[in-house]
Amino acid sequence: MKMQEIQPVDIGDVLGRDEVEPRQELLEKCITGKVVMVTGAGGSIGSELCRQILKKKPLCLVLYEHSEFSLYSVEQDLIKTQNSSNDFKAVQIAAVLGSVNNPERLIETLRRFAVNTVYHAAAYKHVPIVEQNIEEGLRNNTLGTLYTAQAAIVAQVERFVLISTDKAVRPTNVMGASKRLAEMALQGLADESSVNLFHSDRFGFRPETKIPVNTCFTMVRFGNVLGSSGSVIPAFREQIRVGGPVTVTHPDINRYFMTIHEAALLVIQAGAMASGGEVFVLDMGKPVKIANLAKRMINLSGLTLKDESNPEGDIEIVYTGLRPGEKLYEELLIGDNVTGTSHPKISMAMESKELWSNYRLVLETVFEVARSGRFTDLRDLLSSCVNGFNPTSDVVDWMDQSRQAESKPEREVLKYH
């Protein structure tokens with residue numbers, strides 16, 4: 001078969017299970033007639049959240065994104081949807097360029113639009129990239145979440161929903177640890193009636209100032225979404241298109257999967273059920289072996305697997321070895337204490353929490369060590385404060401490697417005259 005004759009693969013066919021019909025009252029509760037902001041609005045999950053939010057007719061949808069191209073893309077996509085139906089034309093769409101590490105910009109945006117609900121999807125999620133850029137990963141995923149949450153407190157936002165990940169459970173990598181720290185921040189804030197802000201001067205307050213907490217904080221934890229940027233589906237699709245091989249890191253590696261559409265709808269519904277401090281866990285079915293996923297995609301493309309039993313097949317699978325920080329399987333629960341909810345696809349994890357006062361001190365130390373570039377010490381520190389953190393590879397951060405290279409011959413430095 002010629003490569004141009006390959007059949008397109010539907011992501012739903014790859015998953016092999018049906019989605020559960022969403023509950024409309026939960027989809028509308030925190031959106032319809034309200035002002036909603038999505039951080040990381042141009043990302044895979046963020047943009048799908050925006051599409052689903054628009055359909056529920058908010059008063060205003062604020063797209064908060066640091067990438068100009070991503071912001072432009074999602075804005076144009078939403079405007080196209082608006083133009084296709086009179087139902088959504090009354091919704092104001094505000095495309096705001098901004099970083100989650102800029103408290104002043106966050107507060108200004110939340111106050112300017114009088115935001116009611118925040119869905120915080122902004123995150124660095126690619127495990128090997130964060131392993132190579134540890135400080136920036138922590139700044140974006142942990143500090144960025146905390147800054148956005150604190151800005152929500154200052155601006156008196158009603159509800160704040162963090163998009164988390166199964167990699168936060170007993171993490172073997174810094175990305176997972178950074179997301180667990182983000183969860184801990186929200187758990188700590190949710191249990192307080194008033195707080196001293198972390199880096200309070202950046203929010204315009206003195207360190208001793210107590211700020212009342214009237215925001216409902218919650219988080220939703222789930223696994224991989226099919227078709228998102230950096231996921232295996234687009235990679236496999238391209239590898240199959242060019243004739244292979246399809247690369248898989250390990251024969252036994254498995255992951256939980258759901259579609260982006262399903263994940264976004266469940267995030268909205270879970271967020272609407274929150275009373276404060278919960279960790280909601282989405283039912284993602286049974287974990288899927290990545291190797292089996294690759295084989296299924298090859299077959300769905302109308303091609304055959306090339307292996308020892310079929311040497312004349314079309315596409316071969318090659319195993320490349322686990323990448324830094326990668327583990328064979330993911331988990332969704334830190335402990336066994338989980339309860340059901342009124343929704344069949346959403347459970348609630350009952351997990352230990354850190355006092356906000358203790359968490360602030362931990363975070364001060366974490367970022368002090370991170371700024372120093374002592375990444376081995378940093379991972380030891382994370383092991384002491386993040387439940388179950390157990391790195392599976394050596395430190396591979398580029399900045400750490402550059403410091404280790406002091407013994408290399410110095411290069412001539414060119415100077416301007």
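Asn116 is found in the loop between helix H5 (103–113) and strand E4 (117–120); helices (H or I, at least four residues) and strands (E, at least two) are DSSP runs, numbered from the N terminus. The model is predicted: local features need pLDDT of at least 70, side-chain atom pairs count only at pLDDT 80 or more, and totals for chains, interfaces and linings use all residues. Residues are numbered from 1 along each chain as its sequence is written, and side-chain values use heavy atoms, with hydrogens and water left out.

Asn116 has 16% relative accessibility and therefore counts as buried (under 20% relative accessible area, 1.4 Å probe, protein chains only; exposed is over 50%, partly exposed in between). A polar atom of the Asn116 side chain lies 2.8 Å from the backbone nitrogen of Val35.

| Property of H7 | Value |
|---|---|
| Residues 134–154 | 21 residues |
| First to last C-alpha | 29 Å |
| Kink centred on Leu143 | about 35° |

The expected span is 1.5 Å times one less than the number of residues, and the bend is the angle between axes fitted to the seven residues ending at a residue and the seven starting there. Because 19 of its 21 residues are buried, H7 is largely enclosed by the rest of the structure.

How values were computed: A polar contact is a pair of N or O atoms within 3.5 Å; within protein, one must be able to donate a hydrogen and the other to accept it, and residues adjacent in sequence count only if both atoms are side-chain atoms.
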